[in-house]
Amino acid sequence: MNPVLDDISHRRYNPLRGNWILVSPHRTKRPWQGQEEGPSKNTLPEYDPKCYLCPRNKRSGGAQNPDYQETYIFVNDFSAVKEDQVDYETETTATADKSSLLMRAEGVKGKCFVVCFSPAHNKTLADMSIKEISLVVETWKNLYKDVQQNTPFRYIQIFENKGESMGCSNPHAHCQAWTTSHLPEEPAAELKNMIEYRKKNNSCLLCDYLALELEKKERIIAENDGWLAVCPWWAFWPFETLVISKKCIKNILEIEGERDVDLFAEIISTITIKYDNLFETKFPYSMGIHQAPLRGTDEEHAANHVHFHFLPPLLRSATVKKFQVGYELLAEPQRDITPEQAARRLQALSTELYRNKLEGSA
Ligand SMILES: [Zn+2]
Ligand SMILES: [Zn+2]
Ligand SMILES: [Zn+2]
């Protein structure tokens with residue numbers, strides 16, 4: 001990186017999303033407020049009779065969870081989209097009236113799933129073994145295959161919302177998977193840029209970016225034979241991570257064989273442990289996998305490259321959070337610490353979970 005950028009306010013371009021981020025590194029020279037709290041321990045029980053995700057418990061929709069032993073998947077009792085409803089689309093004709101131009105709508109059908117990572121109420125991904133996380137990966141793969149074969153839907157967004165500050169009130173580790181008849185905004189914007197990049201350069205955007213990051217070694221957080229995790233050049237959230245498959249695979253079904261699944265599980269484990277170690281807390285984030293649509297054109301398939309994003313809100317400690325307000329909502333996203341500074345801090349952290357050391361010494 002040009003050292004000038006360490007000192008001056010500047011904008012960085014996100015070629016994946018197609019937007020700019022304002023970076024203000026000089027502001028980090030303001031007095032640093034260190035961590036105010038001691039390390040948080042795991043005080044949750046392994047089983048909570050009031051939790052709607054724990055084995056054997058009743059959910060608010062009335063269904064009862066089985067006595068599951070590994071991962072457990074079910075259709076969300078309060079899905080955001082419905083599978084069966086009437087079709088709807090605003091008519092747009094050549095002689096369209098203003099309301100069909102300015103007040104458009106289209107119906108969305110879909111199905112939402114919940115995946116409990118494990119029966120344990122008190123285990124997050126950071127607490128789980130590689131083998132346990134591999135079972136989650138297998139569940140994601142099976143779900144992708146199932147909805148591709150058995151539903152008409154276009155896209156599946158797998159995502160995890162973790163922590164109360166992300167609006168997730170239940171600490172029982174789980175993710176969601178929403179399948180929809182449309183391609184949602186974020187993956188659609190990325191896909192459009194990946195297709196354009198491929199046309200212009202005759203190569204894959206993320207393959208090229210991966211090669212650059214491996215060459216420059218300035219933003220790497222973790223790496224194994226299958227995956228590279230970086231704080232991307234264009235990161236918006238202070239400790240944002242982009243995890244890129246080293247092979248140019250298009251969807252998670254192409255993560256074949258036990259070793260490749262384990263490598264996927266391992267990079268998830270490494271990142272979530274480092275995150276928890278950063279402020280010695282259960283680090284909140286939103287995480288999501290981006291991949292090829294369930295149904296798409298050959299061009300859409302070819303331009304894709306499996307990757308996932310961790311978007312965590314914490315800034316300086318377990319309680320000091322970055323807010324997206326003011327200038328960021330009304331003008332442009334902005335950050336203070338540079339992605340290079342964030343990557344160095346995360347890279348230096350241990351891959352042994354701090355809680356385990358606390359419990360060991362107790
Ligand atoms: Zn639970
Ligand atoms: Zn690629
Ligand atoms: Zn993405």
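**Loops, metal sites and salt bridges**

Trainee: Is asparagine 202 buried or exposed?

Mentor: Asparagine 202 is exposed, as its relative accessible area is 71%. With a 1.4 Å probe and protein chains only, buried stands for under 20% relative accessible area, exposed for over 50%, and partly exposed for what lies in between.

Trainee: And what are we looking at, in terms of provenance and numbering?

Mentor: This is a predicted model, in which local features need pLDDT of at least 70 and side-chain atom pairs count only at pLDDT 80 or more, while totals for chains, interfaces and linings use all residues. Residues are numbered from 1 along each chain as its sequence is written, chains are lettered from A and ligands numbered from 1 in written order, and side-chain values use heavy atoms, without hydrogens or water.

Trainee: Back to asparagine 202: where does it lie?

Mentor: Asparagine 202 belongs to the loop between H3 and H4. Helices (H or I, at least four residues) and strands (E, at least two) are DSSP runs numbered from the N terminus. The phi of asparagine 202 is near 55°, a positive value in a residue other than glycine.

Trainee: What about the phi of lysine 217?

Mentor: For lysine 217, phi is near 50°, again positive in a residue that is not glycine. Most residues other than glycine have a negative phi. Lysine 217 sits in the loop between H4 and strand E7 (220–223), and counts as exposed at 61% relative accessibility.

Trainee: Changing topic: which residues coordinate the zinc ion (ligand 2)?

Mentor: Cys204 (SG), Cys207 (SG), Cys248 (SG) and His305 (ND1) coordinate the zinc ion (ligand 2), at 2.1 to 2.4 Å. Donors are N, O and S atoms within 2.8 Å of the metal (3.2 Å for Na, K and Ca), and sites may look incomplete because water is not among the atoms.

Trainee: Why is that arrangement called tetrahedral?

Mentor: The four donor atoms subtend angles of 104 to 121° around the zinc ion (ligand 2), which makes the arrangement tetrahedral; the criterion for four donors is that all angles lie between 85 and 135 degrees. Cysteine 207 is in helix H4 (residues 205–216) and histidine 305 in the loop between helix H6 (298–303) and strand E11 (307–311), so this pair ties together parts 98 residues apart in sequence. Cysteine 207 is partly exposed at 25% relative accessibility, whereas histidine 305 is buried at 0%.

Trainee: How many salt bridges does the structure hold?

Mentor: It holds 24 salt bridges, each being a side-chain nitrogen of Lys or Arg within 4 Å of a carboxyl oxygen of Asp or Glu. One of them joins arginine 154 to glutamate 300, with the closest N and O atoms 2.9 Å apart. That pair links distant parts of the chain, 146 residues apart: arginine 154 is in the loop between helix H2 (130–150) and strand E5 (155–162), and glutamate 300 is in helix H6.

Trainee: What is the N to O distance between lysine 162 and aspartate 276?

Mentor: It is 3.6 Å, in a salt bridge between the two side chains. Lysine 162 lies in strand E5 and aspartate 276 in helix H5 (residues 257–278), so the pair ties together parts 114 residues apart in sequence. Lysine 162 is buried at a relative accessible area of 10%, and aspartate 276 is buried at 1%.

Trainee: Which residues are linked in a network of salt bridges?

Mentor: Such a network links Arg12, Glu213, Glu218, Arg219 and Glu340.

How values were computed
Four donors count as tetrahedral if all angles lie between 85 and 135 degrees; four count as square planar and six as octahedral if opposite donors are over 155 degrees apart and all others between 65 and 115; anything else is irregular.
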